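Subject: Structure handover

Hello,

Here is the structure I promised you. Please open it and keep it beside this email as you read.

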Amino acid sequence: MSLFDTDELVINMGPQHPSTHGVLRVVLRLDGERVVGADVVIGYLHRGIEKLSEHRDWQQIVMLTDRMDYVSAATSNLGYCETVEKLMQIEVPRRARYIRTILSELQRIASHNLWLGTHAMDIGAMTVFLYNFRERELILDLFEEFCGARLTYSSMRIGGLPLDIPSGWARKVSAFCDLFETKIPEYEDLLTHNRIWKERTRNIGVISGADAIAIGLTGPPLRGSGVPRDVRKDEPYAAYDEFDFDVPIGSAGDIYDRYLVRLEEFRQSLRIIRQAIAGLPEGPVVGKVPRLIKPPAGETYHAIESPKGELGFFIVSDGRSNVPYRFRVRPPSFCNLQALPRLIKGHLVADVVAMIGSIDIVLGEVDR
Amino acid sequence: MPAFITPTVIAHLVLIFAVMNMLVLSSAFMVWMERKVCAYIQDRLGPNRVGFEGLLQPFADVFKLLLKEELVPKAADKLLFLLAPIISVAAALTAFSVVPFGTQITLFGLLDPPLRLEVTDVNVGILVVFAITSMGVYGIVLAGWSSNSKYSLLGGLRSSAQMISYEISYGLALAAVVMLAGSLSLREVVMNQSGYWWHLIPRWYLFLQPLGFLIFFTAGVAETNRAPFDFPEAEQELVAGYHTEYSSMSFGLFFLAEYVNMVTVSAVATSLYLGGWLGPFLPDWLGWIWFLIKTLALLFFYVWMRWTLPRYRYDQLMEFGWKYLLPVAIVNLIVTAALVIWLG
């Protein structure tokens with residue numbers, strides 16, 4: 001044995017680690033603290049949701065979609081319901097589409113709150129975490145009032161919504177929007193122009209637009225790299241085609257840009273919610289749905305913009321049984337996670353947690 | 001009673017005992033203050049169940065720690081593993097011994113000669129503080145190495161990398177003060193700061209050495225491994241860094257050492273730059289109240305910083321230490337030297 005052992009240090013980050021955002025395991029090969037290589041190991045939270053869905057009634061699957069991206073259940077619900085509606089060609093009433101939009105955008109804020117809190121905490125700014133959870137709590141209260149649940153909402157049904165919004169709820173949502181607008185500067189004061197925050201995030205984890213597309217990134221990580229792709233704009237669903245909003249993009253494609261993009265999405269979400277509340281039409285919240293849901297034989301793919309990126313559902317129906325023949329999800333977290341090994345190579349251990357945070361994954365959705 | 005047991009000897013022994021306990025108690029108080037301040041910063045209430053406003057919470061925590069099993073990993077170097085926390089605490093507690101926290105008291109004429117409020121007045125006090133606080137790093141490096149765990153090792157490595165990047169600027173900032181005071185004794189440094197400019201501004205070295213104070217305090221934060229320079233334990237990266245494998249009271253000892261170090265660095269900064277126990281309104285023998293207030297103010301700053309700022313990366317601290325702190329400290333030293341010679 002030589003005097004100075006120069007083996008690589010292999011370190012198992014996770015599945016039990018404070019900043020892997022769940023049960024993600026990253027096998028890091030280190031030279032000092034510099035990452036020479038990284039293998040991402042997933043599957044610790046695999047529950048077989050896709051296969052399970054092929055043995056569940058169409059309506060029951062809504063409940064399973066709650067448990068994929070469990071910090072953003074409403075958008076998963078929406079994605080699934082819209083796919084089945086597309087398959088069965090069900091017309092959803094306008095009021096239901098508006099409320100769905102409001103719920104999705106509230107969910108986007110809540111999800112981004114959770115992301116910002118944990119991401120900042122990974123970089124050491126603890127207070128931002130609690131500020132974000134303070135506001136997220138208010139959104140959970142709104143959801144609780146709407147559907148009774150705080151995390152796994154099952155808040156949508158094929159053809160519309162399970163129930164109309166309670167009286168006074170719309171006013172509370174507007175009040176929340178006004179309050180939240182005053183809270184965003186609080187996060188910004190702590191981070192945006194903070195020298196340490198900038199040094200920790202600028203030019204770290206850079207990914208170019210072309211690379212991002214090649215890897216299959218979607219959502220804020222893709223927009224952070226300067227690609228203006230947003231399903232809400234490009235292939236509008238729910239009621240997004242009726243509202244004005246901007247798609248913020250970054251330029252450098254580093255962690256800082258992804259952060260700025262998401263912060264701007266806070267504001268755009270508020271804009272959408274306000275327009276939807278102001279123009280909320282009257283009418284039923286459930287369309288004409290047959291009592292027994294049995295889509296005609298065929299297949300379809302439908303994608304929505306979840307807070308993490310493009311959430312797609314591919315569903316095949318054989319038209320005979322009352323369960324899907326094939327159920328497949330295109331989860332944004334899983335696809336975005338592919339960028340991680342490429343991102344962290346050559347960086348330091350401290351950056352690894354910053355990058356895991358910046359692509360915003362939820363292991364429930366990665367593994368399903 | 002043997003002849004050598006005079007009131008002075010007893011008073012000294014009592015003082016030593018009191019200082020030791022005061023330090024340990026002050027770290028308990030600091031734990032409470034940290035949790036309370038951070039809670040208010042974060043819109044929470046903080047501990048408020050044990051004792052008045054949660055004041056006894058740290059003691060409850062210590063009792064809980066004492067009841068926990070002391071685990072030593074199989075692969076660990078047992079001797080060093082158990083020694084490391086002791087080194088940390090010993091270094092932390094010893095460093096305070098040369099810090100004066102008041103003038104002198106006679107206990108209403110009981111003591112002759114009067115008792116000076118410090119454990120000992122060494123004529124190279126500043127060097128002693130500097131030497132002993134640096135020893136604390138051994139505790140951390142040894143803890144990281146002897147645990148035989150990868151996360152701990154990285155924590156220990158970071159600690160040593162961190163040390164070399166701030167110690168020099170730390171020393172240079174101190175040297176400037178020593179030049180101004182013309183003495184290495186902390187008591188004399190404080191005495192040199194008595195009086196006022198234009199009957200208004202106290203003659204603190206803070207006003208002569210604003211840069212030096214900033215450098216000293218920044219390096220002090222790095223020395224005590226506090227945020228934003230808390231890399232050796234950075235829990236989001238290294239789980240808990242050097243004390244990942246520690247449990248029970250040996251973990252508690254590291255905790256204690258961290259807080260005692262904070263108190264020491266703040267106390268030294270108070271003596272060097274803020275005029276120690278000197279202050280208006282209070283009679284001389286109550287000067288320690290001023291000392292307490294100033295030290296607490298610095299400690300509050302520590303806590304405030306920790307809950308506001310994100311963490312630096314350890315290579316960025318090294319860059320910061322070598323590229324910014326060190327040149328500034330050198331310039332500060334040269335300018336001070338020139339002024340001291342020029343103005344006498």
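Below are the notes on a residue, a helix pair and some aromatic rings.

This is a predicted model, where local features need pLDDT of at least 70, side-chain atom pairs count only at pLDDT 80 or more, and totals for chains, interfaces and linings use all residues. Residues are numbered from 1 along each chain as its sequence is written, chains are lettered from A and ligands numbered from 1 in the order in which they are written, and side-chain values use heavy atoms, with hydrogens and water left out.

**A threonine in chain A**

Start with Thr201(A). It lies in helix H7 (residues 195-201) of chain A. Helices here are DSSP runs of H or I with at least four residues, numbered from the N terminus. Thr201(A) has a relative accessible area of 0%, so it is buried. Buried means under 20% relative accessible area, exposed over 50%, and partly exposed in between, with a 1.4 Å probe and protein chains only. The Thr201(A) side chain reaches the backbone oxygen of Trp197(A) at 2.7 Å. Leaving out residues up to four places away in sequence, Thr201(A) touches Ile123(A), Asp254(A), Ile255(A) and Tyr256(A). Touching, or contact, means heavy atoms within 4.5 Å.

**Two packed helices**

Next, find helix H4 (residues 94-122) and helix H14 (residues 349-359) of chain A. They pack at an angle of about 170°, with their axes 9 Å apart. That makes H4(A) roughly antiparallel to H14(A) (an angle over 145 degrees). The axes are lines fitted to C-alpha atoms over the stretch in contact, and angles run from 0 to 180 degrees between N-to-C directions. From H4(A), Trp115(A), His119(A) and Asp122(A) meet Val353(A), Ala354(A), Gly357(A) and Ser358(A) in H14(A).

**Aromatic pairs**

The whole structure holds 31 aromatic pairs over all chains. Rings of Phe, Tyr and Trp (its six-membered ring) pair if their centres lie within 6.5 Å; planes under 30 degrees apart count as stacked, over 60 as edge-to-face and the rest as tilted.

Phe176(A) and Phe180(A) are stacked, at 5.5 Å centre to centre and 20° between the planes. They are four residues apart in helix H6 (residues 169-191) of chain A, so about one helical turn separates them.

Phe301(B) and Trp304(B) are edge-to-face, at 5.7 Å centre to centre and 85° between the planes. Both lie in helix H11 (residues 287-306) of chain B, three residues apart. Phe301(B) is partly exposed at 38% relative accessible area, and Trp304(B) is partly exposed at 43%.

Best wishes

Terms used. Polar contact = N/O pair within 3.5 Å; in protein donor to acceptor, adjacent residues only side chain to side chain. Parallel < 35°, antiparallel > 145°, perpendicular 65-115°, else oblique.
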